[in-house]
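Here is a short report on selected packing features. Sequence and structure come first.

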Amino acid sequence: IQFFRWERQCRMANKYNEIYSNQPMQPIPPKFLIPILENASVEEDDSLQDLWINLLGSWTNANYKEDRRLAFVDIVKALTPTDAMILKKIYEYDKNNRRTETIPNEELFDKFPAIKKEQISTDLLDDEYFLCIDNLISLRCIKIANTFGGSQKIITITYLGIKFVEACMRDNSI
C-alpha cells in the first residue's frame, strides 16, 4: 500500500509541476490541502487523480478568487470517470447554450439550458447513464430541469456544478 501511494504521489507531483509550476502561487490552508493530498494519493484512476491535481492547481493559483469549498473535495471523492465525463459534457453544453435573455416569468424557466440524454452520450447503457445522473444529482452538480407537462426528463447543471468544473476540469482532463 505504501508503494502504491508513493507511486501515485510521484505522479501527482510530476503532473502538478508540469502544469502549474509557472503560475503565481498562494498557500492553501491544511483544512483543504490535507484531504486533497490524501485522496489523490489513493486514487488509482489517472483521470480522477487529474481532478485532484487541477483542484490543487486552482486553489494554489494566486489569481483564483473563488471561495474554496470542501464540497469540491466531497464531489471528487464521489465521482467515477463516467460521472466526470458526463458532467463535463453537460458543462460544455451549458457554456455553449446559456440563455442570457431576461425571462419575465422566471419561476417557469431554469437559468441554465437543459440537455437530453441523447446529447450527452449514445454509447452508455441506460442503467449506467441513469446511475451517473442520480449520483451527479445527489452531489448537487446537476438537477432535473423544469418541464411543461413532465413528459420528458431533462437535466441542467447547477451553479455549484459550474464552479466545480471550472476549478477541477481543465481542457486536458476527462
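The model is predicted.

**Helix 1 and helix 3.** Helix 1 spans residues 2–20. It packs against helix 3 at an angle of about 50 degrees, and the axes lie 10 Å apart. An angle between 35 and 65 degrees falls in the oblique class, so helix 1 and helix 3 are oblique to each other. Their crossing is right-handed. Helix 1 contributes Arg8, Arg11, Met12, Lys15, Tyr16 and Tyr20 to the contact. From helix 3 come Asp46, Gln49, Asp50, Ile53, Asn54, Leu56, Gly57 and Thr60. By class, this contact of helix 1 with helix 3 holds five nonpolar, four polar and five charged residues.

**Helix 8.** Helix 8 runs over residues 159–168 and is mostly covered. Seven of its ten residues are buried. They are Gly161, Ile162, Lys163, Phe164, Val165, Ala167 and Cys168.

**Ile144.** Ile144 sits in strand 1, residues 142–144. Its relative accessibility is 41%, so Ile144 counts as partly exposed. Beyond its neighbours within four places in sequence, Ile144 contacts Ile137, Ile154 and Ile155. Thr156 is twelve residues from Ile144 in sequence, yet the two C-alpha atoms are 6.3 Å apart in space.

Notes:
Residues numbered from 1 in each chain as written. Predicted model: local features only at pLDDT ≥ 70, side-chain atom pairs only at ≥ 80, totals over all residues. Heavy atoms only, no water. Helix = DSSP H or I, 4+ residues; strand = E, 2+ residues; numbered from the N terminus. Buried < 20%, exposed > 50% of the residue type's maximum accessible area, 1.4 Å probe, protein only. Contact = heavy atoms within 4.5 Å. Axes fitted to C-alpha atoms, helices over the stretch in contact; angles between N-to-C directions. Parallel < 35°, antiparallel > 145°, perpendicular 65-115°, else oblique. Left-handed = near helix turned anticlockwise from the far one by under 90°. Nonpolar A, V, L, I, M, F, W, Y, C, P; charged D, E, K, R; others polar.
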